[in-house]
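Dear colleague,

Please find below the structure that I am handing over to you. My notes on it follow directly after.

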Amino acid sequence: MQTGIVHFGPGAFHRAHQAAYIDSILAADPRWGIAAVALRSPGTVAALKAQDGRYTLAILDAETQFRTLRAHNRFFGPGESRAVRALLRDPGVRIVSSTVTEKGYCLAGDGILDFAHPDIIHDLAAPEDPVSIVGWLFLGFKDRREAGLPAFTPLCCDNMVSNGKKLRAALLAYAERLDPSLARWIEAEAVFPDTMVDSITPATDDRLRARVAAEIGYEDAVPVSREAYTFWVIEDVLPEGLPDFESVGVVLAEDVGAWERAKLRILNGAHSSLAYLGLLIGHETVADAMADAELSGFVEALIRTDIIPSLEPSPLDLQSYAGEILGRFRNPAIGHKLAQIAWDGSQKLPYRLLDTIADARRAGRSVERLAVPIAAWILFVQRQARAGAAIVDPLAPRLAEVGVGEDAAERLLALDQVFPAELAGDSTFREAVLSAVAAMRQEGPRARLAPIA
Ligand code: CS2
């Protein structure tokens, strides 16, 4: 196996999704082994390395299946930056992919590079020793140009609309500050495909480790689990000679936008809604929340009546896509924790719900129901802040501070890293959210779940 892909962020999602496709590709073409890079957290790469890259993928669904994957052949943890840099200069490396979550791209509320982000400040001051993915791509491209090598292809696999375009714009803005001629080179030489990635992947826990050990007899420190459904759409702009993605079921599409928007707004929008409402009600997993008829009825109405109109016209059959997603949420075989989905709300809400709300306002449609999950996020932040409980979010310190105040709802709605000016200044939207917050505070989290006449 050679190394053709360098991947930043080899967490559970990458190992359950991209690596499973690559594992299949490797059977026919050994060029595409993945180098796993996690320069901040030692755990996963050290364990993967100790297992020689072999780990278990448990597919938990109507049928259970265990696959042993081995798609990674190099492993880089903290302190190994120099070796990563050398690898990015290897002509065999053609793809640099990333799953570093929404916050890993250091974007401001409007989706462009945040020059006030500590990682970007760091990288601009020390561009040869980067910590952000943007800084790493810059350094990799700089070395490639100097060596007279062609550009690699950055492949962003995180849940953001126009993820490739956003990464490209962020990198160009960064390069412009350090070396405008390199920015021109990147513009001319590199493509940044948009991608849509989808497979429900709960975080790995000791229960999964114990199950893998019991069922297949492998003491695997880093197994992953996911549902049977898996889907990957990549914008059809790939240069010649990359892996034969289509041979393993990846869709190459001219326009990924319709897929991205539908998936983010329906699946992820519903997921975040279930998470905040479900946690306030006292549920633990997505399947538990879906078994609550009032809550799942609300979420289905939200999708079918409020979210789908924001996606039309669409080349996709959105109503049946929605039905399929609701079925996936009911999968009792995976314990997908609502708390995991609730993480990083400040980063997720814009793509998942606020874009839909902004579209609804522009088109003059009601936002009454769409305001409910936003109110639930506010009450969730407030509940965590007042209990002194952890808020997992890059804005955590700010959320904790604002969340304890009397005017928390108003102040959260004023956070410009979360709410675009268009919504923050929109009294119809604000009133819908504040009225839902007030009702849920008085009558409890189910106050706004009843069907709207
Ligand atoms: C989830 C996603 O954790 C979350 O926020 O909504 O990880 C979701 O499971 C995936 O996007 C499904 O493809």
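Thr101 is located in the loop between β6 (95–98) and α5 (118–125); helices (H or I, at least four residues) and strands (E, at least two) are DSSP runs, numbered from the N terminus. This is a predicted model, in which local features need pLDDT of at least 70 and side-chain atom pairs count only at pLDDT 80 or more, while totals for chains, interfaces and linings use all residues. Residues are numbered from 1 along each chain as its sequence is written, and side-chain values use heavy atoms, with hydrogens and water left out.

Backbone

Although Thr101 is not a glycine, its phi is positive, at about 65°. With a relative accessible area of 30%, Thr101 is partly exposed (buried means under 20% relative accessible area, exposed over 50%, partly exposed in between, with a 1.4 Å probe and protein chains only). Ser162, likewise not a glycine, has a positive phi of about 50°. Ser162 sits in the loop between β7 (153–156) and α7 and is partly exposed at 22% relative accessibility. Glu312 and Pro313 are joined by a cis peptide bond with an omega of about -5°, and Pro313 belongs to the loop between α12 (293–307) and α13 (318–329). These features deserve mention because most residues other than glycine have a negative phi, and most peptide bonds are trans.

Aromatic rings

Rings of Phe, Tyr and Trp (its six-membered ring) pair if their centres lie within 6.5 Å; planes under 30 degrees apart count as stacked, over 60 as edge-to-face and the rest as tilted. By this rule there are 12 aromatic pairs. One of them, Phe138 with Tyr174, is edge-to-face, at 5.3 Å centre to centre and 80° between the planes. Phe138 in helix α6 (residues 133–147) and Tyr174 in helix α7 (residues 163–178) are 36 residues apart, and their pair links distant parts of the chain. Both Phe138 and Tyr174 are buried.

The ring centres of Tyr276 and Phe380 are 5.3 Å apart and the planes meet at 50°, so this pair is tilted. Because Tyr276 lies in helix α10 (residues 257–281) and Phe380 in helix α16 (residues 371–387), the pair ties together parts that are 104 residues apart in sequence. Tyr276 and Phe380 are both buried.

Yours sincerely
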